[in-house]
Amino acid sequence: MSSRNIKNKQQKDFLNPEVVSTLNQMNEILTKLTSGASLKYIEHVAYLVTLNAVNKDIEYYYLAVSSSLIIIELSEHIKEIEEHKNSIQKYLKLLHSFITKNTMNCNKNIKPNHSIIVLIQNILNIQKTLVNYLKAESSKIYNYKIQILTKILQMMSETPFTLSLIAMQNLIEKKLTSNIFPNYTSSSAPYLPNYGNDKYTLVLDLDETLVHKHNEQFLIRPGAIEFIQTMKDHFELVIFTAATPMHADYGLKIIDPENHIKLRLCRDKINVHDQDLYKDLSLLGRDLNKVIIVDNLAENFRFQPKNGICIQTWIGDQMDKKLFELASELEKVAKSSKSVQDVIPLLPKFNNN
Ligand SMILES: [Mg+2]
């Protein structure tokens, strides 16, 4: 069965092109799964998404049903969970017949009603039990992909819908990895996916900007945790560090325990010129007039100096106030630049080196 092409729907204007493209790609991927016969269900949920683009519940349902199909696929050879999988399939079938009945009545204004919510809730409950079982049995059933999918689902409510979808797509298509964050970015430039982000992008260095590692211990720069929590509301946040992914994730776990920053570019994305490292912002795939980088080394952004704010190097001074000062300056930028296309002229003079 060919997948339903969302682009042809009358309601396409409700969705931005990136979301449409991602949904179509996701449907293509799901068709190829061994459980691809179940695509009918997902297709109809996708159809509902096109009708209710702004409805957060519908997005949640779409992710719930997609992830159920992916779990079934990933656990194909795990006999112990046959019963859970059968239950999920049963509810997916009920969901399918329910949605088909409604859409066949040409009710283009179909809204998620109580029956759909109950069915999807049942799917989610079984899915949760299943994931817990797989996690508990991970020494016997060693499946990184399921563990990562679980984390993507846990972070779903704090993640833009399209970004969660992209992470799931990458998870299915990429080789096994024990790290969740590469799933939110592309493996080749431009590294940041388009997911309908309408904020300016704030690129943050890690070491000596937000943290400092001393004697195997991560020290937190005063204000770093608050800085991330405040800035996430105003900017698309990206970590761009010359550190290894393991070092970056460990440091960020301390200053960003709720994983607000999913877009993380590490050592392999750093360029070298004349034997010195630099961070090339053009690799991000964002309009450079809307990108700000904060780094304790100005040479890291020497090829795009207008985008940079150089913050004083921090190695442990507990009286340091620079992040508090920067936060209030950047909040002003975010608030004053709503209708401005070019953020560069608004950047505070913050050269503290
Ligand atoms: Mg640094």
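**Entry 1: a loop residue**

I began with F303, which I found in the loop between strand 8 and strand 9. I kept in mind that this is a predicted model. Is F303 buried or exposed, or something in between? I counted 15 other C-beta atoms within 10 Å, so F303 is partly exposed. Next I looked for what F303 touches beyond its neighbours within four places in sequence, and I found contacts with Y278 and D280. I also checked K279: F303 and K279 are 24 residues apart in sequence, yet their C-alpha atoms are 8.4 Å apart in space.

**Entry 2: stepping back**

I then took in the whole protein, and its secondary structure comes to 10 helices and nine strands. Of the 353 residues, 40% are buried. I also looked at contacts between residues with a separation of 6 or more, and 68% of these link residues 24 or more positions apart.

Strand 4 and strand 5 pair in the parallel sense over three bridges.

**Entry 3: helix 10**

I moved on to helix 10, which covers residues 322-336. It has 15 residues, and I got 21 Å from its first C-alpha to its last, close to the 21 Å expected at 1.5 Å a residue. Which residues of helix 10 are buried? My list holds K322, L323, L326, L330 and A334. Looking down the axis of helix 10, I saw these buried residues fall within an arc of 95°, so they line one face of the helix. On the face turned away from the buried side I found the exposed residues S328, K332, K335 and S336.

I wanted to know what the buried residues of helix 10 pack against. I found strand 1 (200-204), helix 8 (224-231), strand 4 (235-240) and strand 8 (291-295).

**Entry 4: helix 8 and its partner**

Helix 8 was my next stop, and its buried residues are A224, F227, I228 and M231. Down the axis of helix 8 these fall within an arc of 95°, so they too line one face of the helix. Their cover includes strand 1, strand 2, strand 3, strand 4, helix 9 (245-255) and helix 10.

How do helix 8 and helix 10 lie relative to each other? I found an angle of about 10°, with the axes 9 Å apart. Angles under 35 degrees count as roughly parallel, and helix 8 and helix 10 are therefore roughly parallel to each other. The contact is made by A224, F227, T230 and M231 of helix 8 and by L323, A327, L330 and E331 of helix 10.

**Entry 5: a hairpin**

Strand 2 and strand 3 were on the list of what covers helix 8, and I looked at how they pair. They run antiparallel and are joined by four bridges. Within this pairing, I noted that K213 has F218 of strand 3 as its bridge partner. The hairpin has two residues between the strands, and there N215 takes a positive phi near 50°.

E216 also sits in this loop, between strand 2 (211-214) and strand 3 (217-220). Its phi is near 65°, a positive value in a residue other than glycine. I counted 5 C-beta neighbours inside 10 Å, so E216 counts as exposed.

D274 is not a glycine, but I found a positive phi of about 50°. D274 lies in the loop between strand 6 (271-273) and strand 7 (276-278). Having 5 C-beta neighbours inside 10 Å, D274 counts as exposed.

The bond that joins A189 and P190 is cis, with omega about -5°. I placed P190 in the loop between helix 7 (161-173) and strand 1.

Methods. Residues numbered from 1 in each chain as written. Predicted model: local features only at pLDDT ≥ 70, side-chain atom pairs only at ≥ 80, totals over all residues. Buried ≥ 20, exposed ≤ 12 C-beta atoms within 10 Å, placed from the backbone. Contact = placed C-beta atoms within 7 Å. Expected span 1.5 Å × (residues − 1). Arc of directions from axis to C-beta. Pairing = 2+ DSSP bridges. Axes fitted to C-alpha atoms, helices over the stretch in contact; angles between N-to-C directions. Parallel < 35°, antiparallel > 145°, perpendicular 65-115°, else oblique.
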